[in-house]
Amino acid sequence: MNAQLEVAVRVGLGSVALLTLWTILFLDWERLRTLAENPWNRIRPHARYLGLLAGVLVVNKFARDFGPAVSWVIGWNISGLIHSLEGSVVGTIQSVDVPFLTPFFAFIYLSGYVALLVFPFVAYLALEDPRPLREAALAYAITYTVGVICYVLFISYGPRNLIPDLVAPRLYAAYPSTQQFTGEVNSNTNVFPSLHTSLSVAVGALAWRTRETYPGWAVASTVTAFCVVLATMYLGIHWATDVVAGVVLGLGSVAVAARLVDRKHEASVEPGSE
Amino acid sequence: MTGINPLQRTSRRTFLAGAAAIGTAGCFKGRAATGERADGSTLSLSISTVPADADPMSIRIARFLSLRMKQVGIETSLVPMSRAELAREVLLNRNFDLYVGQFPAYDTPDFLRTLLHSRFTTASGWTNPFGYVDTDIDHLLERQAHQRGSQRDATLRKIQRHVVREQPFSVVAAPEEIRIRRRRDSVDWGDSNYHTVESYLSAARGSSTETDVSGPVDPRDSDDDSTPADSLEVVVTDSRITENLNPLAVPYRTGGPVIDLLYDPLGRQIDGSLRPWLAREWNWTQTDEGVVADVSLREDLTWHDGEPLTAADVTFTFRFLADTSLGELDERVPAQRYRGATTLVQEVTAVDPTRVQITFHTSVRAVAERALTVPLLPAHVWTERTQQSTLSEVAGDRVTTAALTVSNMDPVGSGPLRFESGTAGERLVLAPFDDHFLDREAIPASLDAFGGGFTFERLAFNVVPSTKAAIGLLQEGGADLTGSPLDPRAISEFSATDELVPESRQSNELYHVGYNLRAAPLDDPAFRRALAQLIDKQYLTSEVFADRAVPAASPLATHGSLATSLKWDDGDPVTPFAGDTGTGSLDVEGARATFRDAGYEYTEHGRLIAPQ
């Protein structure tokens, strides 16, 4: 549909703008030039990791098409449970109703998030050390895999769907055409855990691990990730519970990815060469 | 206490665990009927309904009720689920405590018979989902099916008063259905209500056709030859017609016109009376047992796949609706839809290839006519679907056939429109059926408006996720009409323009709270009445429906036979709100007293004790 294409283009342009800004601010021209001269040289050593991530994303897409039907049969409908656990946390967050926050958080939730997810690949491909990129690819793969499993096992509607009297659907009320766009990416029955949160937190954790190489990015990614997390609740899309689960998942997947990459690296490199 | 006995539940879990590859499936399946209590003595109930994305009204009514139930000490949980899943859980699996939903649209008050007669409690579909058993009502319901005129109205009034006193469900409000149409020079819509079979068949090409560039532009058709003016684009918010076109699949039927455009019946209700449609003519005679209809089909009727439509298909349809296994299984598996119609039929025989004789259980022609409106099904397609279905989506111990679960996205009907293409969750495209009888030279005068059948190249339905998105699509020219009723609160910001014309019509699809009477304390009418008094229908009408609805107490609130004592009069006439009507604010002590008067007790912490 026309409207959907328009949304995709706008989100894309916003992400590109942010990516360009971050590249200018945080990346090293020398490293970028080396990368640009022969990108495949840099990508090839990581083929297995990137391939794994690509595979997970494909399975993810497949699972998202067929997942809901399976979910209704075997899944556990936890929407009411989540609400009884946390009560009106999101309602309270939404009570801060400053007009400019909706367009700001909408931009963060859509373009900011995409840029946040893409930037690590650009930044880490530009490095000699293969580990950060591999950690990123693995962390993403783990997050998506656990996420999809949860989506099939649980039916979870977000606060804007369960308690519309307390939580307003701020993103979709202000920008109705974005709902179909996000609907292509995920179903409204899959708010637990918040993948926006887990991936953003993962990016922040990865950035913190490379803070010596990219100190500016460590700060920027943390701030952006924090804004994404706030956005998911301010826009009425996620419960605080989804966010907590997302944080655990994000940090956990980076921890596991780091361990796996370290072990592989030690096995293939002389000890003490770090 | 649960709505389903423990033995059934165990075998259901085993079934699911086997069906699903994941071993832990059995432990995870959520259950909506939560009559079980956490600590074993206080009452907790669940309310099943659809989320705000599907219908903002239902969930808000459910939220209102759940908050008030909590105020009177009943632990209440809200269980949101998709529309198809809610239909499945309530109408097929009977797995719920309370639900909030709408009745299906009805043509005749005889729908109460299938809704409330006790013979239907163990059946499924819109046949007594409440489990309501009352022999007095049974007699009255049977009696009205044999009466007419003022005598029948009197019986209907008696039924209403009795039913409202018993409260197997609490009617909330009769909504207005609001739709918007885009004015286009190339389309002359005529006078019919928007989004009905009549309006799609009577829509004609307007004065300017080829040169109309203001028609909807669908980027998916950029490679197509036909001009935009050739297609009618409808935007809907319910995706089920893009996923399933099986007339017998209860969870997927929305009450819209699509199935009726694909499948023709013997007769259609047009302008308030039943007109011969696939039938050329019919003759009614009266016997001791009931009326008999001698129906002659039109000549040279065909199905969409070219096969001839004969009397054999008519007898097949009625036999099939009564038992979709055609006797192959140990038990009969009737179609859950069209029960009201098929239970009126005693026998159908083919006299010759174009003539059938139908004998009915009723002696009232007006009631029997209902059976002539069922869609005819092609025998050569549906005889392949009599085997037992083991699809896990069906779940539970109910025996079901492929006929009831198949998605039928390659529908073979005989209707004026046929299936062309579709993308699940997004779009459905229908095209005119060239061999339809409406295309013939000689059609009866009563069907004049539909001469030529569907006059455009295609009729397409596009799915969007919300009312606002639907209006947006209309405004940018991507659609001609909204098919699904729109959210009245979202409409309040919309104002009619020269180009966009709204239409509002009173619907008889009443919003209501349904109770599952199969377990205590919902089997107690006094308890149900006490629950009903927690609903401030006036407040909900203005807050939830933005006043685009009328509060109601009777299931026949919009019908001429509405009992006078049940008319809305500044408050509910039978179960008034236990608080300030119109404000939504509950008199908690007063409400608790009502439960106490009904014989229920409270713990020292103010929680209602579950009956043993």
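Guide: Let's begin with a term: a helix here is a DSSP run of H or I at least four residues long, and helices are numbered from the N terminus. With that in hand, look at helix α4 of chain B, residues 83-92, in this predicted model. Nine of its ten residues are buried, so the helix is largely enclosed by the rest of the structure. Buried means under 20% relative accessible area. The buried residues are Ala84(B), Glu85(B), Leu86(B), Ala87(B), Arg88(B), Glu89(B), Val90(B), Leu91(B) and Leu92(B). After α4(B) comes Arg94(B), which has a positive phi, near 55°.

Now to chain A, for two helices that pack together. Two packed helices are described by the angle between their axes and the distance between the axes. For helix α12 (residues 195-209) and helix α14 (residues 240-268) of chain A, the angle is about 40° and the axes are 7 Å apart. The two are therefore oblique to each other, and α12(A) passes α14(A) in a right-handed crossing.

Side chains of opposite charge can pair when their charged atoms come close. Asp262(A) forms a salt bridge with Arg131(A), with 3.6 Å between the closest N and O atoms. This pair links distant parts of the chain, 131 residues apart: Asp262(A) sits in helix α14 and Arg131(A) in helix α8 (residues 131-153) of chain A. Asp262(A) is partly exposed, at 27% relative accessible area, whereas Arg131(A) counts as buried, at 14%.

Asp110(B) and Arg370(B) meet in a salt bridge of 2.8 Å, N to O. Their positions are 260 residues apart, with Asp110(B) in the loop between β3 and α5 of chain B and Arg370(B) in the loop between α12 and α13 of chain B. Both partners are buried. Another salt bridge joins Arg268(B) to Asp264(B), with the closest N and O atoms 2.8 Å apart, and both of these residues are buried as well. Finally, salt bridges that share partners join Arg182(B), Arg184(B), Asp480(B) and Glu499(B) into one network. Over all chains, a search of the whole structure finds 30 salt bridges.

Definitions and conventions: Residues are numbered from 1 along each chain as its sequence is written. Chains are lettered from A and ligands numbered from 1 in the order in which they are written. This is a predicted model: local features need pLDDT of at least 70, side-chain atom pairs count only at pLDDT 80 or more; totals for chains, interfaces and linings use all residues. Side-chain values use heavy atoms; hydrogens and water are left out. Buried means under 20% relative accessible area, exposed over 50%, partly exposed in between (1.4 Å probe, protein chains only). Axes are lines fitted to C-alpha atoms, for helices over the stretch in contact, and angles run from 0 to 180 degrees between N-to-C directions. Angles under 35 degrees count as roughly parallel, over 145 as roughly antiparallel, 65 to 115 as roughly perpendicular and the rest as oblique. A crossing is left-handed if the near helix is turned anticlockwise from the far one by less than a right angle, and right-handed if clockwise. A salt bridge is a side-chain nitrogen of Lys or Arg within 4 Å of a carboxyl oxygen of Asp or Glu.
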